[in-house]
Every structure is written in structure tokens, then in C-alpha cells.
Amino acid sequence: MREFVNLEPLDQPDIRRRRLEEYDRVRSQFVSFGNPLWDLRVMMDDLCVKLLDAITNGHEAKEEDAREQLRQVERKDPELVYLLELAGAETAMNEGRTEEAREHSERAAEARSCLPQFNLEGLWVGKYGSYGYELVNVTYIGDTLIATKVTGDQNVPRGEVTFQANLSPLQYLKRVSKAKTGEFHDSILKPQLHSLQPIELTDKAAQKWGTRQLPRYKGLGQVAEEGFVNNQWMDGQLIIIGEDYFSFAWTPIQQQIFFGRPSPELALRMLRESGVSPLRSAKPWMAPPSLDDDIQTQMDFVTRCFEKTDEVYEENYDGEEVSTKINGYGCIFHDESSDECYFE
């Protein structure tokens, strides 16, 4: 532990600083997920009523004022911006306006990055009834979320998709005016963002989770008989609690599984106990990469760190206790030729 005493903070590399600045810039354009977003949408509803009243009574000045206020508010809703920019990109591309389509796509990508339903990549753990806890890996194909079992059970084994959900807002689009740069609604009819109404939480639950609503999306959950026989898909719902938690419900059988992020220790233990062979990195590491290296290089290095930890754990684990060399995943090895480790 002496090497971790009196450490000086490292200077932030320019590439990381620029990445964080860009992250902050994009996030600052939109309201955050949760109550601020729900409050914004209530404001949008009120402005729509004002706009309709102004149009009905022929008050042109009030109509233009309500339209401008509505445009300003709409730009802060990441899900609405994502939908409208996708629609604008599709229209522009169909009409051969490729540069305009590219601009719409870039703005759509910024809005998408602020939506929790599109930031769930990676490992999650949930309790599958009597089978206990299982790991799933979430990936995306376009706007379709796909959860694949990393550890499985007798019904749906590992490697099979356990559930999926099409999250594209375009599938619910009813009526949106032609999206022009810097312009959103030309009508007072808002597009339908979801096919399902959000879940309204009680005051106690809202206080616990920090939000009074939980958005949900239609999906498909896979079920099968033992031995993965007669597998079939049934209607389901993906329920977003934030970027830290979500759940999926198999609606016909009324089964709902709550998912959270596993710790590295838990993920490694579940993989080992399920007999899943780790993916071994082919590249040897003589020294850790620097913070200036590209993300893939750093990811490869971290992967090898965990693989090395798993190897040493297996060598020293006798089923009851762990040797003093490592203490139950208390460290992550960073050099195959030494016993040095980084402590968490």
C-alpha cells in the first residue's frame, strides 16, 4: 500500500478534458430525467392549451407568443428532440438534402445520449424466481434494446435473448410537422412519445426513487420449457427507473424482474460459479496504458486486469477460504509478471 500514499493528482489529458466539456455541453441543453422532465411536460401541456385558446379566439399576438414559448420549452425535452430530429433526418434524406439530414442526425444523437433507456449497455443482475440471480448483457441494434443471458437456467440458457424492446420513438409518431433547422411544432398536436402511459408512483415510492413517474415501453420477453423447449415470445414491458435500475415484466404470466448493476466482484463470482469461460486477451501487457491512449486500448487493459484477477483467484481458491495473496477480489492485478495490484 506504500505506493498509494501521498499520491499527487494527475493532469487531465486534453482529449479527456474535451470529452468531458462536450458531455457537459450536451447535458446542459436538456432537463434531467425524473421530476424536472415531468414538470417540463406539464408546462408544455399548459402552453398547448394557451396556444389553442389563442387560435380559437383569433389573438394573433398571443398565438405567436405561445408558439415561441412552446418552441423554447420543447428544445429542453431530450426525448421529444430525439423524435423530431429523427423525423427531420428521415425527411431530409428522402428529399436528397444530405447535409441537412446529417445535421439532424447529429442533434438526434446528442439528445439520445441524454436518455436513460439508451444508456443501459453492459452487465445487469436480476433474480429469475427460483433459479436465483442471473447476469444479462444489454446491447443495442439501432434503437432496439436486446438483453442476452450471460448466465442462464434450465429454461432459457446463457447465450439466448431473455427480452428485447424497440425504443424508437418514430414507431409512435402520429403527426409531426416537417422539421426544419431550429423549428419544431407547426401544429399544437404533440407526437405520442410512448405507447404506454408512465407508472405513477405513490409519494413514498417517489421519495425513494427520486421520481414520481416511471416511463415504460412495449417489449417482448422469451419463455421456454425446461431444456429450452417450445420457446416463445410474449408481450412485455421495459420499465425505466433511471440509469442505475430498470425492470422488465412478462405481462401474460405477471412476472417482473428488477435489474441493478453488479459489482465487479459479483460479476466475476457469478461467471465462475456458472462455468462461463472468461474471454482471454491475446495481447500481453508490459505496462499499463496511459490516459492518452484510446478508449479501446484502455478497455482491453482493464479486461485483462479482471482476467488476471480471476486466474489468481482460481489458483488460490479452495472452496472455503482464500489465501492471503488476495482477499476475496480485494484487488485487481495489473501486471502478469508481478504480485502488485491496484486496490479498489
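Which residues does F259 touch, not counting residues up to four places away in sequence? Contact here means heavy atoms within 4.5 Å, and on that basis F259 touches W124, V125, G126, Y128, V136, F163, D244, Y245, F246, S247 and F248. The structure is a predicted model, in which local features need pLDDT of at least 70 and side-chain atom pairs count only at pLDDT 80 or more, while totals for chains, interfaces and linings use all residues. Residues are numbered from 1 along each chain as its sequence is written, and side-chain values use heavy atoms, with hydrogens and water left out.

F259 also belongs to the largest nonpolar core, a set of 30 residues in which F163, L238, F246 and F259 have the most contacts. Such a core consists of buried Ala, Val, Leu, Ile, Met, Phe, Trp, Tyr and Cys residues joined through side-chain atoms within 4.5 Å; buried means under 20% relative accessible area, exposed over 50%, and partly exposed in between (1.4 Å probe, protein chains only).

Attention now turns to a glycine. G132 sits in the loop between β1 (122–127) and β2 (133–141); strands are DSSP runs of E with at least two residues, numbered from the N terminus. G132 counts as buried because its relative accessibility is 15%. Not counting residues up to four places away in sequence, G132 touches G126 and K127. Between the C-alpha atoms of G132 and G152 the separation is 10.0 Å, and the two are 20 residues apart along the chain.

Methods:
Helix = DSSP H or I, 4+ residues; strand = E, 2+ residues; numbered from the N terminus.
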